[in-house]
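Good morning, everyone. Let's take one chain and walk through it. Have a look at the screen.

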Amino acid sequence: MVQENRAKPSRPAWLAAAALALFYLVTSLYIASRRLFWFDEILTVNLSALPFRTILDALHHGADGMPAGYYALMAASHRLFGRGEVASRLISAVAMAAGLVIIFDCARRVTDGLHGLIALAVATCSSIPFYGYEARSYALFFMLAALSVWIWSCTSDRAWPPAIAFGAVLFLAGVIHYYAFLLIVPYAIWGAYHAKSWRRTARKLAAGGAGVALSLAVQAGLMISYSHQFASFSVTPWALTSHALRRAFDDLFPDGLLLLVLMLIWIVAMTARAGATGVD
């Protein structure tokens with residue numbers, strides 16, 4: 001369990017983080033109100049209006065590459081809020097804002113409020129804000145991924161309830177986006193690196209693995225059917241190629257070169273400051 005850094009009061013940082021998250025929520029909803037649906041969003045809205053069995057049948061025939069869980073959630077949202085541009089994008093806007101706050105709190109707990117705000121700001125330099133006003137599952141997947149980090153790093157390793165919550169979050173992420181099974185990889189690597197203290201992470205890793213396995217099991221049929229639709233292509237939708245890995249950073253941070261330069265400057269400045277003050 002991570003011990004919270006209490007060297008400096010965090011209330012101003014919390015207020016700033018809440019203000020930033022609220023700003024992105026409000027602006028996302030404003031953009032949503034002024035932006036027409038595009039092709040993928042039209043597909044999302046139309047599919048989610050169908051009976052759930054019909055949705056499953058359409059997905060089995062390659063109608064879309066999203067799991068059925070997201071469409072079930074969208075169908076419930078449409079019954080509550082309608083099918084307009086803002087209502088259909090509300091889940092994404094709220095999830096994006098919540099994910100930013102979660103990132104802030106994770107970084108704040110291991111450093112301080114300032115670095116928590118920096119972590120939040122770095123996230124907003126990526127493509128995440130774009131998905132805050134899009135009726136697709138990506139912003140919700142981002143929030144669940146951030147929540148898995150929070151549970152992993154900010155809760156007890158010696159109790160089952162946090163471990164069960166960790167597994168539940170990975171399962172929910174899996175029924176929101178197929179690639180969610182990759183979320184378990186960095187946690188497994190961390191557990192292997194700290195193999196001598198494996199008991200610290202055994203519960204969470206076991207629950208997380210179970211959550212991932214369960215999500216794959218309940219969706220195996222859909223994933224196989226979807227892959228068959230791409231049988232004529234040279235690359236299947238599940239393939240991880242070297243080209244895709246090279247493009248990952250550019251896709252996540254379209255203007256990431258400037259961001260990398262600023263991060264390096266910040267690291268050098270902090271290292272020089274620590275050396276000048278005699279901090280180890």
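Start with burial. Of the 280 residues in the chain, 39% are buried. Keep in mind that this is a predicted model. The chain exposes about 15600 Å². Carbon and sulfur atoms supply 70% of that area.

Now the fold. How many helices and strands does the chain have? The secondary structure comes to 13 helices and zero strands. Read along the sequence, the pattern is α-α-α-α-α-α-α-α-α-α-α-α-α. Next, the contacts. Take those between residues at least 6 apart in sequence. Of these, 75% join residues at least 24 apart.

On to the salt bridges. The count comes to six. I'll go through three of them.

Arg 89 sits in helix H5, residues 85-110. Glu 41 sits in helix H2, residues 39-48.

Next on the list is Asp 64 with Arg 136. This salt bridge also has an N to O distance of 2.9 Å. The pair links distant parts of the chain, 72 residues apart. Both ends are in loops. Asp 64 is in the loop between helix H3 (52-60) and helix H4 (68-81). Arg 136 is in the loop between helix H7 (128-131) and H8. What about burial? Asp 64 counts as buried, at 10% relative accessibility. Arg 136 is buried, with a relative accessible area of 4%.

Then Asp 105 with Arg 108. Here the salt bridge is 2.7 Å, N to O. This pair lies within helix H5. Asp 105 is buried, at 6% relative accessibility. Arg 108 is buried as well, at 4%. Back to Arg 89 and Glu 41 for a moment. Salt bridges with shared partners join Arg 35, Glu 41 and Arg 89 into one network.

Aromatics next. The structure holds ten aromatic pairs. Take Phe 23 and Tyr 24. Why is this pair called edge-to-face? The ring centres are 5.3 Å apart and the planes stand at 80°, so the pair is edge-to-face; the cut-off for that class is over 60 degrees. Phe 23 is partly exposed, with a relative accessible area of 49%. Tyr 24 is buried, with a relative accessible area of 19%.

Now Trp 152 and Phe 166. This aromatic pair is tilted, 5.4 Å centre to centre, with 45° between the planes. Trp 152 is in helix H8, residues 138-154. Phe 166 is in helix H9, residues 160-174. The pair links distant parts of the chain, 14 residues apart. Trp 152 is buried, with a relative accessible area of 12%. Phe 166 is buried, with a relative accessible area of 0%.

There is also a cluster. Ring pairs link Phe 130, Tyr 131, Tyr 133 and Tyr 138.

Cysteines. How many disulfides are there? The count comes to zero. Take Cys 154 as a case. Its closest cysteine sulfur is in Cys 106, 4.6 Å away. A disulfide needs the sulfurs within 2.5 Å, so 4.6 Å is too far for a bond. Cys 154 counts as buried, at 4% relative accessibility. Cys 125 counts as partly exposed, at 41%.

Last stop, the surface. Leu 114, Leu 264, Trp 266 and Ile 267 make a nonpolar patch of about 400 Å². Which helix gives the most to the patch? Helix H13, residues 256-277, with three residues. Trp 266 is found in helix H13. Trp 266 counts as partly exposed, at 34% relative accessibility.

That's the tour. I'll take questions.

How values were computed: Residues are numbered from 1 along each chain as its sequence is written. This is a predicted model: local features need pLDDT of at least 70, side-chain atom pairs count only at pLDDT 80 or more; totals for chains, interfaces and linings use all residues. Side-chain values use heavy atoms; hydrogens and water are left out. Buried means under 20% relative accessible area, exposed over 50%, partly exposed in between (1.4 Å probe, protein chains only). Patches are made of residues with over 30% relative accessible area and no salt bridge: like charges are joined within 9 Å, nonpolar side chains (Val, Leu, Ile, Met, Phe, Trp, Tyr) within 5 Å. Accessible areas come from the Shrake-Rupley method with a 1.4 Å probe; for residues, only the protein chains shown count as cover. A salt bridge is a side-chain nitrogen of Lys or Arg within 4 Å of a carboxyl oxygen of Asp or Glu. Helices (H or I, at least four residues) and strands (E, at least two) are DSSP runs, numbered from the N terminus. Rings of Phe, Tyr and Trp (its six-membered ring) pair if their centres lie within 6.5 Å; planes under 30 degrees apart count as stacked, over 60 as edge-to-face and the rest as tilted. Contact means heavy atoms within 4.5 Å.
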